[in-house]
Amino acid sequence: IGVSNPQIGTKYEEVKREGFELMICLDVSNSMLAEDLTPNRLERAKQAISRLVDRLKNDKIGVIVFAGDAYIQLPMTVDHSAAKLFLRSINTDIVPAQGTEIGRAIELAVSSFSSTTKANKSIIVITDGENHEEEALAAAQAAADKGLIIYTVGVGTAEGGFITIRQNGREVYKRDKQGSPVRSRLNEKV
């Protein structure tokens, strides 16, 4: 028995995890239903996020949805299967007010990061750029001043596409006040 060197007790070891925290801000305004990408902008963005989640290891991810206001859809987590589950439930109806509050989404993302970890922190803003508020640039600058990295992903084409909405149980093009179909274009500048 002495030759096998049996040991009793517990040994604690401090392990430091390197990784990053990633907050994805996803535009869910009606313009994301434009079909210039197949099947539409929102579904294409969700597919890209799902592929990104598949590549993450021990990193934290969170999701914010925004249109007329911004809401946390998924708080920061390491549970990537939960992230994919929440991602599937995202649609344009989950935000009650329309618009594109990019600035509010960035501000909410900044406040969602944990203050106790020293992990790298990044924000990915996925939008077609149809911003109706001017605070987006100021919010992005404030986040950068705090050391956060912000990536923007434009979804859509310069030619744009018509916005398909459900009305009275069928799909129709969204129309403006004059009755013409609304064409939404990617605003690369924003």
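**Figure 1. Overview of the chain in the predicted model.** Among contacts (heavy atoms within 4.5 Å) between residues at least 6 apart in sequence, 73% join residues at least 24 apart. The model is predicted, and local features need pLDDT of at least 70, side-chain atom pairs count only at pLDDT 80 or more, while totals for chains, interfaces and linings use all residues. Residues are numbered from 1 along each chain as its sequence is written, and side-chain values use heavy atoms, with hydrogens and water left out. The chain has four helices and nine strands; these are DSSP runs numbered from the N terminus (helices: H or I, at least four residues; strands: E, at least two). Along the sequence their pattern is β-α-β-β-α-α-β-α-β-β-β-β-β. Of the 190 residues in the chain, 42% are buried, that is, under 20% relative accessible area, where exposed is over 50% and partly exposed in between (1.4 Å probe, protein chains only).

**Figure 2. Packing of helices H3 and H4.** H3 (residues 102–112) and H4 (residues 135–145) pack at an angle of about 20°, and their axes are 7 Å apart. H3 is therefore roughly parallel to H4 (angles under 35 degrees; over 145 is roughly antiparallel, 65 to 115 roughly perpendicular and the rest oblique). Axes are lines fitted to C-alpha atoms, for helices over the stretch in contact, with angles from 0 to 180 degrees between N-to-C directions. Ile102, Gly103, Ile106, Glu107 and Val110 of H3 meet Glu135, Ala136, Ala139, Ala140 and Ala143 of H4. The residues of this contact of H3 with H4 are seven nonpolar, one polar and two charged.

**Figure 3. The two sides of helix H4.** Ala136, Ala139 and Ala143 of H4 are buried. Down the axis of H4, its buried residues fall within an arc of 70°, so they line one face of the helix; the arc is that of the directions from the helix axis to the C-beta atoms. These buried residues of H4 pack against H3 and strand S5 (149–154). Leu137, Ala138 and Asp145 are exposed on the other side of H4. Glycine 147, with a positive phi near 90°, follows H4.

Figure 4. Threonine 38 and proline 39 are joined by a cis peptide bond with omega about -5°. Proline 39 lies in the loop between strand S1 (20–27) and helix H1 (41–55).

**Figure 5. Asparagine 168 and its backbone angle.** Asparagine 168 is a residue other than glycine with a positive phi, near 55°. Its place is the loop between strand S7 (164–167) and strand S8 (170–173). Asparagine 168 counts as exposed because its relative accessibility is 79%.

Note on methods
Ala, Val, Leu, Ile, Met, Phe, Trp, Tyr, Cys and Pro count as nonpolar, Asp, Glu, Lys and Arg as charged, and the others, Gly among them, as polar.
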